[in-house]
Amino acid sequence: MKKVLVLEDEKSIRDFVVLNLSRAGYDIVEADTGERALELFDATPDIDIAVLDVMLPGIDGFEVCKSIRASNQKVGIIMLTAKVQETDKVTGLMNGADDYVAKPFSPLELIVRVDSLYRRVQMMKGEKDAPKTSDELEYGPFVLNTKSRRLTKNGRKVELTQVEYQLIKLFMEHTGSAFSREEIFKNVWGDSFSGDKHKIVDVNVRRLRLKIEDDASVPEYIQTVWGFGYRWGNE
Ligand code: CA
């Protein structure tokens, strides 16, 4: 189980972080003060990642970071900062943080950073369940080679446009994570494109489903998350 400690005193932000990391497959331990976070950290030996807010009513996030790091070198630590300022970065690095996410952040930004740090932590631990470092993403009958940009299903090549490749890569890199249409759009097309973003995403998902699903009218791999967006995975 991928376990994350979330320390944030503002309930609305904490709930947002917890919701999105849970959706991405993480098991969450939550704390609203630095003191509580340290207690929970000591009581929960299998925490992989700590997401720490900096500004807190009692001891601040940097103190928490320092204490955690003093007892544990392997855990990944991400600081949530109001604004990433150079002084914050230096203070954080001196206290042993691995990465930063500046507020306000989107669910995708958060998940991408946590996933990437989680992979680094697993690689450092050398655990056998660490994701492969090769260029291939695998899921069910699919193998996506991110170097040659080729997709196969049960060993047979599936022809993809560049957009379809970007879409399936986003999904396969984040199995089980729900992405909103806005997040998908931003990731695949960037910020520069204008037009009906939801429609563009829907049209391309429909086309991709026709190519990869056994029955595109009953999709098994690209799931619709009603009123939100899409999620990859049939579990
Ligand atoms: Ca705060």
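Strand 11 and strand 12 (residues 229–232) are paired in the antiparallel sense over four bridges; two strands count as paired if DSSP finds at least two bridges between them. Strands (E, at least two residues) and helices (H or I, at least four) are DSSP runs, numbered from the N terminus. The model is predicted: local features need pLDDT of at least 70, side-chain atom pairs count only at pLDDT 80 or more, and totals for chains, interfaces and linings use all residues. Residues are numbered from 1 along each chain as its sequence is written, and side-chain values use heavy atoms, with hydrogens and water left out.

Within strand 12, Arg231 is the residue opposite Gln223. The open sheet consists of three strands in the order 10-12-11, with antiparallel pairing. Strand 10 (178–180) and strand 11 (222–225) are the edge strands; each has a single partner strand, so one side of each is left without a neighbour in the sheet. On average, neighbouring strands of this sheet are turned by 30° against each other, direction ignored. Helix 6 (residues 162–173) lies across strand 10, strand 11 and strand 12, and runs at about 65° to strand 12. Axes are lines fitted to C-alpha atoms, for helices over the stretch in contact, and angles run from 0 to 180 degrees between N-to-C directions. Contact means heavy atoms within 4.5 Å.

The calcium ion has the protein donors Asp9 (OD), Asp53 (OD) and Met55 (O), at 2.1 to 2.3 Å from it. Donors are N, O and S atoms within 2.8 Å of the metal (3.2 Å for Na, K and Ca); water is not among the atoms, so sites may look incomplete. The sequence spacing of the donor residues is D-x43-D-x1-M. Asp9, in the loop between strand 1 (2–7) and helix 1 (11–23), and Asp53, in strand 3 (residues 49–53), are 44 residues apart and link distant parts of the chain.

Leu56 is located in the loop between strand 3 and helix 3 (61–71). Leu56 lies 47 residues from Asp9 in sequence, but the C-alpha to C-alpha distance is 6.2 Å. Not counting residues up to four places away in sequence, Leu56 touches Leu7, Asp9, Gly34 and Gly61. The accessibility classes are buried (under 20% relative accessible area), exposed (over 50%) and partly exposed in between, with a 1.4 Å probe and protein chains only.

| Residue | Relative accessibility | Class |
|---|---|---|
| Asp9 | 29% | partly exposed |
| Asp53 | 3% | buried |
| Leu56 | 13% | buried |

Buried residues of helix 5 (residues 107–125) include Leu110, Val114 and Tyr118.
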